Amino acid sequence: MNLKKKDYLTCLLFLGPSLMGFFIFYLMPFIGGIYYSLIDNINCYHFVGLHNYVNLLHNAAFLKASLNTILFTSICVPLIMVLSLCLALLLNKNIRGKKLFRTAFISSLVVPVASVALFWQIIFDISGPLNAQIVAWGGRPVDWMNSDWARIVILIVYLWKNVGYNMILFLAGLQNIPKDYYELAKLEGANPWQQFMGITLIYLAPTLFFVLIISIINSFKVFRETYLIAGDYPHDSIYMLQHYINNSFTVLDYQKLTSAAIIIATLICILIFVLFRIERKLNNTIG
């Protein structure tokens, strides 16, 4: 047995448990989900092709959940990208207490989700401290979670939960940019904005791309906090695709559940593929 074949078998041996776990707990259920989305009923197993998908695209609840999810992602992702980058740029400078600020921003990552949800639920409750302060100022209490303000509340929760993680990623990217580039740019007469556009953004492009992907994925994960704060059927403005899937699972409607899950997975894969193509073209242009 030659060395190359031995290395291949060794790699396969070490990767075997992970590959088996992926196959059993991820790949097989996904394939099963595709199968369930193509049949009429899990009892009679009557093949109906794309009939479930067509029905889903005419389902008012699914369309509303899709619109809310797209709207939320399109708002929160650019916002968190800008906010976390600004914080990273600030903490990358020699300012007092930056270690304390770093710790404060990443502390949200270690707090259990249930505790986070309980905290925000108390803050934005109709009888909570925020409304108490509004009444003290002469205003009227706001039912935050049962009005259009609910989307703003969930947006705040998303930013609070994820901005620290993104900031640390940006900060790591900024610290990998050689300082000599900025010193040379200053000698050439470049102002701070020109340095930011010509040096920082260019060399931060791989980090920007990675943070963008992570932010999109985390925008779908906000369902956990939304579910714990607002329950199964929240206000229409924050009724997301995950709510639709969860409620379909509750009533054991496998056809709607699997069809919606396959559509979401397909759209995410297409989006990630497009972003990878854009990132590759940008790298070729910069190179």
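**Salt bridges, helix packing and buried residues**

Asp-253 is partly exposed, with a relative accessible area of 23% (buried means under 20%, exposed over 50% and partly exposed in between, for a 1.4 Å probe and protein chains only). The model is predicted, so local features need pLDDT of at least 70 and side-chain atom pairs count only at pLDDT 80 or more, while totals for chains, interfaces and linings use all residues. Residues are numbered from 1 along each chain as its sequence is written, and side-chain values use heavy atoms, with hydrogens and water left out.

Asp-253 is the acidic partner of Lys-256 in a salt bridge, with 3.9 Å between the closest N and O atoms (a salt bridge is a side-chain nitrogen of Lys or Arg within 4 Å of a carboxyl oxygen of Asp or Glu). Lys-256 is likewise partly exposed, at a relative accessible area of 35%. Two salt bridges are found when the whole structure is searched. In the other, the side chains of Lys-64 and Asp-236 meet at an N to O distance of 3.2 Å. Lys-64 belongs to helix α3 (residues 60-91) and Asp-236 to the loop between α11 (223-230) and α12 (241-250), so this pair ties together parts that are 172 residues apart in sequence (helices, H or I with at least four residues, and strands, E with at least two, are DSSP runs numbered from the N terminus). Both partners are partly exposed: Lys-64 has a relative accessible area of 31%, and Asp-236 has a relative accessibility of 46%.

Helix α3 also packs against other helices. Its axis comes within 7 Å of that of helix α7 (residues 149-175), and the two cross at roughly 40° (axes are lines fitted to C-alpha atoms, for helices over the stretch in contact, and angles run from 0 to 180 degrees between N-to-C directions). The arrangement of α3 and α7 is therefore oblique (under 35 degrees is roughly parallel, over 145 roughly antiparallel, 65 to 115 roughly perpendicular, and the rest oblique). The crossing of these two helices is right-handed (the near helix is turned clockwise from the far one by less than a right angle; anticlockwise is left-handed). The residues of the α3-α7 contact comprise 23 nonpolar, four polar and one charged (Ala, Val, Leu, Ile, Met, Phe, Trp, Tyr, Cys and Pro are nonpolar, Asp, Glu, Lys and Arg charged, and the others, Gly among them, polar).

Leu-155 is a residue of helix α7 and is buried at 12% relative accessibility. Residues up to four places away in sequence aside, Leu-155 touches Phe-72, Ile-75, Cys-76 and Leu-79 (contact means heavy atoms within 4.5 Å). Between the C-alpha atoms of Leu-155 and Cys-76 the distance is 6.5 Å, although these residues are 79 apart along the chain.

With helix α10 (residues 205-221), α3 packs at an angle of about 140°, the axes being 9 Å apart. These helices are therefore oblique to each other, and their crossing is right-handed. On the α3 side the contact involves Thr-69, Phe-72, Thr-73, Cys-76, Val-77, Ile-80 and Met-81, and on the α10 side Leu-208, Val-211, Leu-212, Ser-215, Ile-216, Ser-219 and Phe-220. Ten of the residues in this contact are nonpolar, four are polar and none is charged.

Helix α4 (residues 98-106) packs against α7 at about 135°, with 7 Å between the axes, which makes α4 oblique to α7. Arg-102, Phe-105 and Ile-106 of α4 meet Val-163, Gly-164, Met-167, Ile-168, Leu-171 and Gln-175 of α7. This contact has six nonpolar residues, two polar and one charged.

Helix α12 is mostly covered, with seven of its ten residues buried. The buried residues are Leu-241, Gln-242, His-243, Tyr-244, Ile-245, Asn-247 and Ser-248. Tyr-244 has a relative accessible area of 5%. Apart from residues up to four places away in sequence, Tyr-244 touches Leu-56, Asn-59, Ala-61, Phe-62, Ala-65, Tyr-239, Lys-256 and Ala-260. The C-alpha atoms of Tyr-244 and Asp-232 are 9.1 Å apart, with twelve residues separating the two along the chain. Just after α12, Leu-252 adopts a positive phi of about 60°.

Thr-200, in helix α9 (residues 192-203), is buried at 4% relative accessibility. Beyond its neighbours within four places in sequence, Thr-200 is in contact with Leu-89, Leu-174, Ile-177, Tyr-182 and Gln-195.
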